[in-house]
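Subject: Handover of a structure and notes on its contents

Dear colleague,

Please find the structure for your study below. My notes on it follow.

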Amino acid sequence: MQDRNHLARVSTTHQVNVIENGLIDIPMLQILQPDGSVHQEAVAPELDQDTATKMYNTMAYIRVLDERMVAAQRQGRISFYLASTGEEAAAVGSAAALSDNDMIMSQYREQGALAYRGYTTDQFMNQMFSNEKDPNKGRQMPIHYGDKPLNFMTISSPLGTQIPQASGYAYGQKMAGKEAITICYFGEGAASEGDFHAGLNMAAVLNCPAIFFCRNNGYAISTPADEQFAGDGIASRGLGYGIKTIRVDGNDILAVYAATKLARKLALEEECPVLIEAMTYRLAAHSTSDDPTGYRSREEEDKWRAKDPIQRMEKWLISKGWFDEKASQKLLDQTRQDVLAAVKRAEKVDIPPIEDIVNDVYAEVPWHLKDQLEQLKSHIRQYPDVYPKTSGRIK
């Protein structure tokens, strides 16, 4: 049996040595300055014009989608929405650095990654309106997307559940010998869940090719970061678990792209996890159920609006001679029209049949679920005015 030595990496001292917070400085990678120029000491990643334009257009598209769907929720057309305003670069920049074969496990603010992969406006709408074309068959809240062909795992509401799942999925990719990794997105608030610690430790011990991508946007709903933890953000936790760690400016899409590109290379070649902490800010409310004016100032928000990731990339594209203002405005106008048209189409599609509530769990629906379904149908028949969409579809 192998002789294991847990002191192999432990040095010796002869004085009491107290390790204090901040002893290890974790720098933040930044390539683009807020004015869109590249730092003199920085090296911009290699990006061709088509890829750079696609990244910019995807961020601009998501900004329009978010604005329109928040308005749709306020109008009562959908029940719930989560905008990613101010955080678009984190999702889009990282997604652009991946292979299409890589699995994405998201939290609920990564619609940019899904759009970059090719998810259409109609697909977004069908899910949010929970209609018959929704692959979730209306059994999920809005913004809980999932798409198997695009390797985007369906989102789950409970915080952090995707983190240990990502470790397991990445371990399976390694065992199968696949040239693919898993990227797992979450916020700094989710890093307070037990799943975070279990998932990262599992990935570190089993050498899982996974990227754990934390969007540190400053707030877990209304709780600011300094009331969530006393340590140096989330990056320091990666070091504690023996995981390669990168901290990046989450509003700098070039920095996010470069960091994720390297993280993917390390995860594949060294069969190891990598933690990325993207320092960004949530300009939008946490969700349409939240009012951020109750816990932060307009002045604070304005400071971060000056760091808008879309404007920053736009200025960089202009410096490269790759930005066409007229074409961009035309795209935005067309996107607004397309989103509104898709909303109207999705609203007209029937809701799923009520039988779908009990399908897809067992090969054959068990007796107790059949009984519950009949009780539900009876209840709806008794009160059809309360369930106008459903009552007309009951057989």
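Leaving aside its neighbours within four places in sequence, which residues is Ser287 in contact with? Ser287 is in contact with Phe80, Tyr81 and Leu82, where contact means heavy atoms within 4.5 Å. Please note that this is a predicted model, in which local features need pLDDT of at least 70 and side-chain atom pairs count only at pLDDT 80 or more, while totals for chains, interfaces and linings use all residues. Residues are numbered from 1 along each chain as its sequence is written, and side-chain values use heavy atoms, with hydrogens and water left out.

To return to Ser287, this residue is placed in the loop between β8 (274-279) and α9. Helices (H or I, at least four residues) and strands (E, at least two) are DSSP runs, numbered from the N terminus. Ser287 has a relative accessibility of 7% and counts as buried; buried means under 20% relative accessible area, exposed means over 50%, and partly exposed is in between (1.4 Å probe, protein chains only). In sequence, Ser287 and Phe80 are 207 residues apart, yet their C-alpha atoms are 7.4 Å apart in space.

The chain as a whole

The chain contains 13 helices and 8 strands. Its radius of gyration is 23 Å, close to the 21 Å that the globule rule gives for 395 residues, so the chain is as compact as a globular protein of that length. The radius is taken over C-alpha atoms, and the rule is 2.2 Å times the number of residues to the power 0.38. The C-alpha trace spans about 80 × 65 × 45 Å along its principal axes. Of the 395 residues, 49% are buried. Among contacts between residues at least 6 apart in sequence, 73% join residues at least 24 apart.

The nonpolar cores

A nonpolar core is a set of buried Ala, Val, Leu, Ile, Met, Phe, Trp, Tyr and Cys residues joined through side-chain atoms within 4.5 Å. The largest core has 70 residues, of which Met69, Met125 and Tyr145 touch the most other members. A second, separate core of 22 residues includes Ala204, Phe212, Cys214 and Ile234.

Salt bridges

Side chains of opposite charge can pair when their charged atoms come close. A salt bridge is a side-chain nitrogen of Lys or Arg within 4 Å of a carboxyl oxygen of Asp or Glu. The whole structure holds 24 salt bridges.

One of them joins Glu87 to Arg215, with the closest N and O atoms 2.9 Å apart. Arg215 lies in strand β4 (residues 210-216), and the pair ties together parts that are 128 residues apart in sequence. Glu87 is buried at 0% relative accessibility, and Arg215 is buried at 2%.

Another joins Arg312 to Asp249, where the closest N and O atoms are 3.0 Å apart. This pair links distant parts of the chain, for Arg312 is in helix α10 (residues 309-320) and Asp249 in strand β7 (residues 244-249), 63 residues apart. Arg312 counts as buried at 2% relative accessibility, as does Asp249 with a relative accessible area of 5%.

Arg305 is partly exposed at 36%, and Asp302 is partly exposed at 39%. Salt bridges that share partners join Arg296, Arg298, Glu301, Asp302 and Arg305 into one network.

Buried charges without a salt bridge

Lys and Arg count as positive and Asp and Glu as negative; His and the chain ends are not counted. Asp66, in helix α1 (residues 49-74), is buried yet has no salt bridge, and the nearest side chain of opposite charge, Arg63, is 6.2 Å away. The side chains of Asp66 and Tyr81 are joined by a polar contact of 2.6 Å. A polar contact is a pair of N or O atoms within 3.5 Å; within protein, one must be able to donate a hydrogen and the other to accept it, and residues adjacent in sequence count only if both atoms are side-chain atoms.

Glu188 lies in the loop between β3 (182-187) and α6 (194-206). Glu188 is also buried and without a salt bridge, the nearest side chain of opposite charge being Arg215 at 6.3 Å. A polar contact of 2.9 Å joins the side chains of Glu188 and Gln228, and a polar side-chain atom of Glu188 lies 3.2 Å from the backbone nitrogen of Asn217.

Yours sincerely
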